Amino acid sequence: MNELVETDVPARLDRLRWGRFHTLVATALGITWVLDGLEVTITGAIAGALKSSPVLRLSDMQVGLAGSLYLAGAVAGALFFGWLADRLGRRKLFTVTLGLYLSATAATALSPDFATFALFRLLTGAGIGGEYAAINSAIQELIPARYRGHTDLVINGSFWLGAAAGALGAVLLLDSGWLPPEIGWRLTFGLGAVLGLGILFLRRWIPESPRWLMLHGRVDEAEAIVAQIEMRLEAPPPEADLPRLRLRPRGLSMADVASTLFRTYPKRTLLGVVLMATQAFFYNAIFFTYALVLGRFYGVADADVGLYLLPFAAGNFLGPLLLGRLFDTVGRRPMIAATYALSGLLLFATAWLFVRGWLDARTQTAAWSVVFFFASAAASSAYLTVSESFPLELRALAIALFYAFGTALGGVAGPWLFGSLIGTGERTAIGGGYALGASLMLVGAAAAWWLGISAERRPLEDVAAPLGHAGSREDR
């Protein structure tokens, strides 16, 4: 593993124009975010049905706790499967993590009591968390540098396509004129399983990451895969010699991980924690409990909650879609700071209107849609930041660590806290929680402006040199 190798794999991948291969990668791997959005929305949209279920009879606190357990499972899954992805490869984890998700979400539909329901939500989250670590790595490593920011934001924003699907599914399946509510909420959990089964076929055509193979000394395999990609895209030969990277493949220890995070890149580590934690609290606290707000304060019927989530989901998807290109042109640092700051300021305004009682169900939804147009781009940029800021050898584990730590700090407690606040029935208490979330987003904006890096349009190996980097051909 210590033999010096030389390759132009990164340069060959980054020189490519967007083509059908990249669309396949974005679709087959990016489905993870759609599935996550589907799961999160289903739990929120059917909150009323879960409470009124003659079998489960969940309380507001139990609905919030189920959301927290889903996130806790995602944390554990990200850490375990992220560790495996850096050692065994990205591709080997695809089937395992997707299979775990499919099995657990389907089993949720058969839950006879809260304990079983909570267990399967935990396992569903573990599958999704594992997907995040392995797939974020693969997407980053396969997409050319000049498209990386926009692609990453749009893929993360596709969470809201799943959210819209979950909202529509909840409306259709909870319509008492078509199916009994007790059957309807159970069938909603089958939507993710059906969607995921189709993706298993598409993933057969996704190769192992050439960058991962390169780092593990399997240069011939890496170059063969790149050649196949070039052939599929009908890419012409390069007009000049491409930069070649010289590497000394090596193993990865936990000491290497600790040294990289806290000694080599301490500012990037702090930035990643702040961005992940603040957006996690902001999103999970509000979105996991939004259906409860609609029902308790605006009298929205359980079967109609999904309709109010559709414009909310549209705002969340349009944000990364329309703003994403600016992260590659204007730059990471100014755009991350701006989207975090606007999210916090707009949430302060919305919280004030909510406390004063000046909103109804429609205007509340409109206000949330505007807030999260910017917040969705901000949250997606947090994942982009942590996935491109550290060396390739620990990319999946770094993503998992930041996702886990940020979610543990800001996400797991959020749904439980806001479920409890909503249970009080006091607008002022809930408004205080919203103000806390807004303040945290402003902290994230300050951190991005102070600690942000200019990673736009730069190769991953330039943003953070591999641990085994031994210079380039030009260095000799």
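Reader: How many cavities of 30 Å³ or more does the count come to?

Author: The count comes to three cavities of 30 Å³ or more. This is a predicted model, in which local features need pLDDT of at least 70, side-chain atom pairs count only at pLDDT 80 or more, and totals for chains, interfaces and linings use all residues. Residues are numbered from 1 along each chain as its sequence is written, and side-chain values use heavy atoms, with hydrogens and water left out.

Reader: What makes a space a cavity, and what makes it a pocket?

Author: On a 1 Å grid over the protein atoms alone, a cavity is a set of points where a 1.4 Å probe fits but cannot get out, whereas a pocket is an open set with protein on both sides within 12 Å along at least five of seven lines. Lining residues have an atom within 4 Å of a point.

Reader: How do you know the volume of the largest cavity, and which residues lie nearest its centre?

Author: Grid points are joined across faces, edges and corners, and the volume is the space filled by probe spheres set on the points. For the largest cavity this gives about 340 Å³. Its lining has 21 residues, and D36, Y132, F159, Q279 and Y383 lie nearest the centre.

Reader: Which helix supplies the largest share of that lining?

Author: α14 does, with five residues. Helices (H or I, at least four residues) are DSSP runs, numbered from the N terminus. Among the elements that each supply at least two residues are α2 (20–45), α14 (266–287) and α19 (361–388).

Reader: What is the make-up of the lining of the largest cavity by class?

Author: The lining has 14 nonpolar, six polar and one charged residues. Here Ala, Val, Leu, Ile, Met, Phe, Trp, Tyr, Cys and Pro count as nonpolar, Asp, Glu, Lys and Arg as charged, and the others, Gly among them, as polar.

Reader: Which element gives the most to the lining of the second largest cavity?

Author: α18 gives the most, with three residues. This second largest cavity holds about 70 Å³ of space, and R332, R333 and I336 are among the residues that line it. By class, the lining has five nonpolar, two polar and three charged residues.

Reader: Why is T151 called buried?

Author: Buried means under 20% relative accessible area, with a 1.4 Å probe and protein chains only. T151 has 10% relative accessibility, so T151 counts as buried. T151 lies in helix α7 and touches W18 and I143, not counting residues up to four places away in sequence; contact means heavy atoms within 4.5 Å.

Reader: Which pocket has T151 among the residues nearest its centre?

Author: The largest pocket, which is lined by 18 residues, has W18, A26, H150, T151 and V154 nearest its centre. The volume of the largest pocket is about 340 Å³.

Reader: What makes a set of residues a nonpolar core?

Author: The set must consist of buried Ala, Val, Leu, Ile, Met, Phe, Trp, Tyr and Cys residues joined through side-chain atoms within 4.5 Å. The largest such core has 141 residues, and W160, Y298, F372 and Y434 have the most contacts inside it. A second, separate core of six residues includes F81, L84, A85 and A134.

Key. Buried means under 20% relative accessible area, exposed over 50%, partly exposed in between (1.4 Å probe, protein chains only).
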